[in-house]
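Please consult the sequence and the structure below while reading.

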Amino acid sequence: MTSMQKVTELGTGNRSISILGSTGSVGVNTVDLIKLTPERFSVKALSANRNVSLLAKQARMLKAEIAVIADENCYADLKRELSGSRVEVAAGRKAVIEAAMRPSDWLMSAIVGTAGLEPTFRAVERGAIIGLANKECLVSAGKVMTNEIKKQGATIIPVDSEHSAIFQVFDFENVDKVNRIILTASGGPFREKSLKEMATMTPEQAIAHPNWDMGVKISIDSATMMNKGLELIEAFHLFPVGEEKIEILVHPQSVVHSLVAYVDGSVLAQMGTPDMRTPISFALGWPQRLATPAPVLDLQKIANLSFEGPDEGRFPALRLAREALRLGGNAPTVLNAANEIAVEGFLNKKISFLEITTIVENTLEKSPHCELITLSDVLDADLFARETAKTFMKN
Ligand SMILES: NC(=O)c1ccc[n+]([C@@H]2O[C@H](COP(=O)([O-])OP(=O)(O)OC[C@H]3O[C@@H](n4cnc5c(N)ncnc54)[C@H](OP(=O)(O)O)[C@@H]3O)[C@@H](O)[C@H]2O)c1
């Protein structure tokens, strides 16, 4: 059955859904949107890492079948918070994976980082329709993931605002007529900072994104622009064009969420206020559009939209990501894993801001190239890169 047939069969009736990472920035927005039309959705599984109280509150409110907490130490607390309700309770990494395997029409993949890889992969294996917020899993598992998506007939609806924009204007029927994809980037909080200024930036300064209110990890990735590097790799796997046809363009206002240029000179863009509820609702309701409380775009008020080329000198993450994509095999896996370790190190004040990308580059240089065929190959490569990145942190 094709994706469209699957969705057509669902019609406008009740859609069963699971949300992995329901307590995070994307997860909370997803829950808020579901609350607007609860009759359209029946919630199967919700998951979090440690945030017991919010997870329990969401599970009661949405009448979820099961609430899963990844940290096993939180099991007793979750059990207590949900006592007297009909919500099943489970804990541990395996339980999160099992939650992803439970039948549901739709699944939101909104766990941050590689922790979201295996659960998302298991949902792909059961041919689910997946709202994909977790970009790290597609970066890390690349072809292993896309091969499985094809094999199982799973459907991926991107949730990243840029990829949602491209998805909305990309002509999948006439791929040969696509001239290029233009991925926009806000430039992050340090867009106008010199390298000297960036050297002393603190986690608090790096997290303060000018346009978007997001989780901590993606906010740091936006400051280094690794986020755009990860998105370049994500776009390569989501849309059938070569890496050389994906450009990055800095657009500080975050209104034009991305563009697709065609051979006849037409350039189609999707625009909107920087509000994640728009791309989340697009994925949640696809192929229909759902109303959201996102502010209406007022171009007259904004008055000016500006664009500039990216600066790979100040933001080497862009170069590293493109090189990793060109190299293929384990290189994007290593890039992603080393970045997660380095971001954590920066947040714990063990390394400086500029050392984040230095550690990623050193880890890439130190990791022997290999091809990845299975999920287990990906997880091994990820682990190896994490250990290697940690040795650079110690030095
Ligand atoms: N935020 C955005 O606007 C945005 C936009 C585009 C794409 N994305 C992507 O969406 C994903 C989620 O981002 P976010 O900003 O929503 O992150 P976030 O606010 O940090 O939330 C992450 C979620 O994952 C859970 N989690 C963390 N570590 C886990 C683990 N080891 N095992 C299981 N669950 C775990 C967290 O639970 P606790 O709450 O208990 O810690 C939380 O529910 C990321 O891949 C990001 O790149 C986000």
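A polar backbone atom of N49 lies 2.9 Å from an oxygen atom of the ligand, a polar contact being a pair of N or O atoms within 3.5 Å. The model is a predicted one, in which local features need pLDDT of at least 70 and side-chain atom pairs count only at pLDDT 80 or more, while totals for chains, interfaces and linings use all residues. Residues are numbered from 1 along each chain as its sequence is written, and side-chain values use heavy atoms, with hydrogens and water left out.

| Residue | Protein atom | Distance to a ligand oxygen atom |
|---|---|---|
| N49 | polar backbone atom | 2.9 Å |
| N51 | backbone N or O atom | 2.8 Å |
| T23 | polar side-chain atom | 2.6 Å |

The protein buries 84% of the 900 Å² that the ligand exposes when taken alone; these accessible areas come from the Shrake-Rupley method with a 1.4 Å probe. The shell around the ligand holds 24 residues, of which T23, R50, N51, E136 and G215 are the closest; a residue belongs to the shell if one of its heavy atoms lies within 4 Å of the ligand. At least two shell residues come from each of α2 (25-36) and α7 (135-152). Helices (H or I, at least four residues) and strands (E, at least two) are DSSP runs, numbered from the N terminus. The shell comprises 11 nonpolar, 9 polar and 4 charged residues. In this classification Ala, Val, Leu, Ile, Met, Phe, Trp, Tyr, Cys and Pro are nonpolar, Asp, Glu, Lys and Arg are charged, and the others, Gly among them, are polar.

Pockets and cavities were located on a 1 Å grid over the protein atoms alone: a cavity is a set of points where a 1.4 Å probe fits but cannot get out, a pocket is an open set with protein on both sides within 12 Å along at least five of seven lines, and lining residues have an atom within 4 Å of a point. Grid points are joined across faces, edges and corners, and a volume is the space filled by probe spheres set on the points.

The second largest pocket holds about 670 Å³ of space. Its lining has 20 residues, with I149, A154, I156, F172 and L238 nearest the centre of the pocket. Two or more lining residues come from each of α1 (3-10), α7, β7 (155-158) and α12 (226-238). By class, 13 residues of this pocket lining are nonpolar, 4 polar and 3 charged.

There are 3 cavities of 30 Å³ or more, and the largest cavity contains about 60 Å³. Residues lining the largest cavity include S161, W212, H257 and D275. Helix α8 gives the most to this lining, with 3 residues. The lining of the largest cavity divides into 2 nonpolar, 8 polar and 1 charged residues.

The protein has 18 helices and 11 strands.

Two backbone details remain. W286 and P287 are joined by a cis peptide bond with omega of about 10°, and P287 lies in the loop between α13 and α14 (299-302). K63, a residue other than glycine, has a positive phi near 55° and is placed in the loop between α3 (52-62) and β3 (66-69). Most residues other than glycine have a negative phi, and most peptide bonds are trans.

Notes:
Polar contact = N/O pair within 3.5 Å; in protein donor to acceptor, adjacent residues only side chain to side chain.
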